[in-house]
Amino acid sequence: MAASRKMALALLAQANGLHPAGWITAGGPTDCAMDIGYYAKLAQTAERGKFDLFFVADTPAARTDKLNAWSRHPQYMNCFEPISLLTALSGHTSKIGLGGTASTSFYEPYNIARLYAGLDHLSHGRAAWNVVTSGNNYAARNFGLDALPSHGDRYARAKEFVEIVRALWDTYDDDAIIYDKANGVYFDPTKIHALNHDGRFFKVHGSLNICRGPQGQPVIIQAGASSAGKELAAETAEVVFNSDDEPAAAKAYYDDLKGRMEKFGRQPDQMKILSGFAPLVADSRWEAEDKYRTLQEMIHPDVGLVRIASDLETDVSDLPLDEPIPLDRIPKSANLHTRYFEQIVSLIKEQKLTVRQLWQRYERGNKRVLGTADDVADVMEEWFSAQACDGFMMVFPTLPDGLETFVDKVVPELQRRGLYRQDYEGVTLRDHLGLARPASRYAASGEAA
Ligand SMILES: Cc1cc2nc3c(=O)[nH]c(=O)nc-3n(C[C@H](O)[C@H](O)[C@H](O)COP(=O)(O)O)c2cc1C
């Protein structure tokens, strides 16, 4: 392994953190979800820690049932739409990448191409789009459907969607705008191309109305764990979030995904795989474990049950909380989040957990580490050195305190070990991640409009 290989770090940013009880216990304001000043400080803290990416997850829906349970765990119930938030944050930060989710099931490609091209200009080359197919029926019901289309159809649409967006990002050559005052010509008509796309899901005949951005194309993120998800990632993704919580499984995923790239004419280093990593850092292991136990005990049974129902894709609220879950209650297959489903099923089958134990142990695809800064750095080093990942998607149970402690205590240790950058060396998100700026397909082919 090259000595200079450095890990990438992203922050999964969500108001008070990802733990259901985070909003109650986090050492920060509880009324921060609509506070741009709060997010600005969070992004600046991540930038102080030289993070590659500030990332905002999303679903275009609020929950509309079991509101008594969700009222205790308000994820996605009071949140900004990511592109709006990231646009505002571009003015409060100067280096960190700004990535946000937008669903291929509920947008049109033209909107997405235009919005992320704009974000790339506004942020001077720091935009990234997380391509998702969406995994809940609340969203489907907001867009004229009773339920999500099948997994296969969602990914077929996503593939065509991404192809169109990327083609639209190329409709202006890099040097299309010429500002030729002497001849009164603003742009060179031979350097603007129209897309002529007629596909299964979309018909798009036109060009974008914004010139090519600093990164050429914003960075494409993806997080699929299913076979269809991995194929889409292998073909198009430049950053992938992995949800395996053990290094051997993460390594198998890493090798599998990078191995699939060749058939699309891509090299393994054109993709950075970031593993979900959820540390709780304290001055001693005992203290970290104690803090975590306190948090877990705060999960209200109603919240535990809706979280299991979401990812196991079946309601278990009729079962006794303290008896093992009967195997015949496990659905045959997943239609929403494959890896989360598999992880819950394996906990039920292998550890014979009760319902209560299940919601206390299930980590939703993140590697949990409870310990000192050294303990956390040790695990990160182990995963990174084994090439189980190229870096980490940091998921803090509570924010802003989890991030602040990590930046103050773990980042210097990673730097001391030579595993992490001392400072940003470039300007764009592509620079941070070591990803080349893509040439326009038209410039590459020499084709004029
Ligand atoms: C770190 C991370 C962030 C994600 N963010 C979102 C998100 O914001 N919105 C969403 O609908 N899905 C999100 N997902 C889910 C994935 O995009 C994907 O839909 C899911 O893993 C299921 O894909 P699969 O069916 O190919 O396994 C995220 C997954 C991970 C691991």
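Visitor: Which atom of Ser 226 lies 2.5 Å from an oxygen atom of the ligand?

Guide: A polar side-chain atom of Ser 226 does. The general idea is the polar contact, a pair of N or O atoms within 3.5 Å; within protein, one must be able to donate a hydrogen and the other to accept it, and residues adjacent in sequence count only if both atoms are side-chain atoms. Please keep in mind that this is a predicted model, where local features need pLDDT of at least 70, side-chain atom pairs count only at pLDDT 80 or more, and totals for chains, interfaces and linings use all residues. Residues are numbered from 1 along each chain as its sequence is written, and side-chain values use heavy atoms, with hydrogens and water left out.

Visitor: Which residues come nearest to the ligand?

Guide: A residue is near a molecule if one of its heavy atoms lies within 4 Å of it. Of the 20 residues around the ligand, the nearest are Asp 58, Thr 101, His 151, Tyr 155 and Ser 226. Tyr 155 places a polar side-chain atom 2.7 Å from a ligand oxygen atom, while Asp 58 has a backbone N or O atom 2.7 Å from one.

Visitor: Which domains supply the shell around the ligand?

Guide: Domain bounds come from an automatic or database domain assignment. Here, domain 1 (8-284 + 366-445) and domain 2 (291-361) each give the shell at least three residues.

Visitor: How far apart are the C-alpha centres of the two domains?

Guide: The centres of domain 1 and domain 2 lie 28 Å apart. Their contact (heavy atoms within 4.5 Å) takes 28 residues from domain 1 and 20 residues from domain 2.

Visitor: What about the backbone: which peptide bond is cis?

Guide: Most peptide bonds are trans, and most residues other than glycine have a negative phi. In this model a cis peptide bond joins Leu 399 and Pro 400, with omega about 5°. Tyr 179 has a positive phi, near 45°.
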